Amino acid sequence: MIGTTIRNRELEINVFRGRALFAGFAILIAFSVVAARLVYLQVIKRDHYYTLAEANRISLLPVVPNRGLIWDRNNEVLAANYSAYTLEVTPSRVKNLDAVLEELNTIVEIQPRDKRRFKRLMEESKNFESLPIRNRLTEEEVARFAVNRYRFPGFDIRPRLFRNYPQGDVASHAIGYIGRINDADLKRIDDADLTSNYRGTDHIGKLGIEGGYENELHGSTGSEQVEIDAGGRAMRSLATTAPVAGNNLTLTLDIKLQKIAEQVFGEGRGSLVAIEPATGEILALVSKPGFDPNLFVDGIDPQNWDLLNTSVDKPLLNRALRGAYPPGSTIKPFLALGALESGKRTPQQTISDPGVFRLAGVAHYWNDDKAGGHGLVDMRKSIVVSCDTYYYQLASETDIDETSKFLRSLGFGTKTGIDIDGELEGTLPSRQWKSNRLAKGTPEARKWYVGDSISAGIGQGYNSFTPMQLAHATATIANDGVAMRPRLVRHITDVATGTIKSTADLDINKPTRLALKPENIAFIKAAMAAVPIEGTSARIFANSGYVSAGKTGTAQVYGVKRGEKYVAGRVAERLRDHAWYIAYAPADKPTIALAVMVENGGKGAVAAAPIARAVMDYYLLGKKPDIAKLKTPDNEPQSDD
Amino acid sequence: MNLRATTNRIFDILTRRLDGPLMVTIMVLAAISVTVVFSASGGDTFDRALGQIRNFCVALVVMWIVANMSPLLLMRLAIPIFLVGLALLIGVAVFGETRNNARRWLNVGFAIVQPSEIMKIAMPLLLAWYFHKREEDLRLADYAIAGLLLIVPSALVMRQPDLGTAILIFSAGFFVIFLAGLSWKLLLAAAVAAGAAIPFVWPFLHDYQKQRVYTLLDPTTDPLGAGYHIIQSTIAIGSGGLLGKGWLTGSQAQLDFIPERSTDFIFAVYGEEFGLVGGLLLLALYLVIIGRGLMIAMNASTTFSRLLAGAITLSFFTYAFVNMGMVTGILPVVGVPLPLMSYGGTAILSLFIGIGILMSVSTHKQLVAT
């Protein structure tokens, strides 16, 4: 029975012995279980755990290659690397990040700007990634942190290579910038099967040369086998495969010329593309306003990003490649060439310009820019004085599809093939284009009318082209009808082998001779050469000291009602005309061809031509412009356009 | 001759209350412990190894003193020690200092003590005294009273919370009751009742305690959190293989993958560097202590000595089993050090006091013969 009184001493000792023996037996079983577990772990599964231990211990660390450098054609540095210490943190390893950052601030200064940028990085990245919280630590800060590191688990100091753009915002759209790899970049890297080569790389070229030539600039990632501790810190190196640095790029840009061009633009918005006609090498590629690419290297902070992104001036828009504008009268020499080629016009044929163009059976009429007209006008004069009526008439007699086809052969409405990404095709209207464009409209609305042709005939209406396309077409004419693919990279230097590869040798950059009659080209060139002497830009090019050829253009943004005179001062700044000038020089043996577009600049002769003159003065004569003098009163009608 | 006689006399005073087999075994364990602690502290600093040597030396002196106390004296001390321990535990619950979310320490003016450590010895001491006193007229009610004396301090420690120590205190007391002859039927009924109580007790467990159970069932559910300890310690032990990776060369140990590597998880370091052979040697040494302890208990002359020696021996086993079970991933993670191996003065001191008691029981039996 339970609770039976035990009085017998012998019995009590026996009970105790029984219990003790039972316990001893249980202990043997328990220890056998432990022993069996040890045998299981250390004998049966030994290899499995050994592998796991090795995997714990050995880590294959990527060794990021040096990114290739970028120079201009005269070996001026445009993008370089420098090494600096960054303080990085793995957010998932820190519990109360805000409090820890507060504490950290007593050792390494963390500004509100750094915090904002860090927040942004955190939103964009995975939690287990190591993210920079402070860049460019001073030696003193590095030392201070090293002493206090034990207080900040999850934080570490790493030496990193940073990109530096010593030219600041000069040529920012051409050079582009590098920024942290985002999800879209990751997907591209993955699609291109480059994931392993981008291990350890956290920046990638985003735009311009940095983006377009990413594959050349990046190099191949090396690796280092290291023994790491539980904190992931490398204890010793076991084996190394060296990285191969990215290739260096020498651009076609002349950064001095680029600087002059950007200076001449001043605060204005617009674009300039200057090309060496014989080679297609781009000497200057301006899009104003620009931005400082250095802002992006550390991860741009939200304030600056908003500033750039929401500005009405659109500083991030590369106007040279992605701004499409009606070409205005700059299209006239090309249309004239087309008329010669097709036989619609001969150079001698004249028309009479009464100041207005009427079409039989149409109530609508089209004004010439000059009240009262230009009188008798032949083809040369039509270009020199920029006679609208001549082109109204030509357009009314030419089928739009024919015009479209010819302009396309000069590169309008198609990509010029420049060697960086993002170029737009612009709009080259045709019957098919209008029908597609207005696909939802009535058949009547989708039809092409002769009135559409007439507007297009003076570079208005549906036309819109990029400054790049205008510069490219101008360069093709300057080069006597031999089209050269425009390009920004002159040669690529393989750092490892020292070999230099010229981009001119690439098949894609071989010259393309257009099917144009030399005498027709010669005629157009002569007419264009007369423009700066006796035509619309004569005042601007007076005493230039070289012979250039050019054409002004003024593209309407604001629809002027018939019978109303356009007065620049009365129109809001953003609705003012875009000013254009296309040119090349010297006229007999051109070394530079360019297109200038000043957004809402007003008259091409007044706002755009002086910029072209300043750039060519510098390029041909080495003459630096007097910036103050360029600020001419802009709405003084100097000539018809 | 006189000198020789004096030397012999001193040697006799020093050794007569010591037990040969126990002494040799704990000295071997101490040597292994210092060796492994040195490796577990990185192998380039003597701080911890020297600290551990100091811990052993201090504990050895205390053990000698305890071994020289007769069981009768120990029996007289049972109630005062228990009452002091209980008072301190209540003090902890009321005034205790909170560290790492646990209220375990009490500032008694000259020192900060952890009263639960005292209970590890005080509990079996008291219950052995109680059963000794009731020896002539043991009733079921006595078991109930003993159960109450057992549960109150255990519950206080569990509330701190300190599950590991609560388990050790409870089991030490339980072993006394078990060895005193609580009937198997009642034991079985208690076991069934305990099993049935699990669903009711479960909601009162702390989240981290529940997590430890989940982690035991599947360590991979939280590989960087609670499961990390178990995963890394099993990797360490498993990768050690038959003969181990060698002293100071275990990568898991030396590269900091094993948490608490010189204290609770020292067995992982030992297993990695000395392999299965080292592990079995350790089990064998523990078995020597346990076997010798049970032998001393069985040959003890009084109920008090018997029960106390038996309970201390079984407690020693519990320490070893709970720790090794935890480190090898067959028991949940509870903070119990590996006896005579883990770095730490308090644990070694209380273990040596226990061994001192065993020695006292073993060498005093002829004096208290009835």
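I began with helix α22 of chain A and looked up what lies over its buried residues: the cover includes α14 (332-342), α15 (379-384), α21 (467-478) and β21 (549-555) of chain A. The model I am reading is a predicted one, and I keep that in mind throughout.

I then listed which residues of α22(A) are buried, and found Ile521(A), Ile524(A), Lys525(A), Ala527(A), Met528(A), Ala529(A), Val531(A) and Pro532(A). I note that Lys525(A) is one of the buried residues of this helix, and that lysine is counted as charged in the classes I use. For the geometry of α22(A), I looked up its residues, 518-534, which number 17, and its reach of 24 Å from first C-alpha to last, close to the 24 Å expected at 1.5 Å a residue.

Next I turned to chain A as a whole, whose secondary structure comes to 24 helices and 23 strands. When I took the contacts in chain A with a separation of 6 or more, 75% of them turned out to join residues 24 or more positions apart.

I then examined where the chains meet, and the contact takes 38 residues from chain A and 44 residues from chain B. On the side of chain A that touches chain B, α1 (9-44) and α2 (46-57) of chain A each supply at least two residues, and the largest share, 19 residues, comes from α1(A). Sorting that side of chain A by class, I have 23 nonpolar, 7 polar and 8 charged residues.

Last, I checked the confidence values, and the model scores ipTM 0.94 and pTM 0.67. For chain B I noted a mean pLDDT of 89, with 94% of its residues reaching 70 or more.

Methods. Residues numbered from 1 in each chain as written. Chains lettered and ligands numbered in written order. Predicted model: local features only at pLDDT ≥ 70, side-chain atom pairs only at ≥ 80, totals over all residues. Contact = placed C-beta atoms within 7 Å. Helix = DSSP H or I, 4+ residues; strand = E, 2+ residues; numbered from the N terminus. Expected span 1.5 Å × (residues − 1). Buried ≥ 20, exposed ≤ 12 C-beta atoms within 10 Å, placed from the backbone. pLDDT = per-residue confidence, 0-100.
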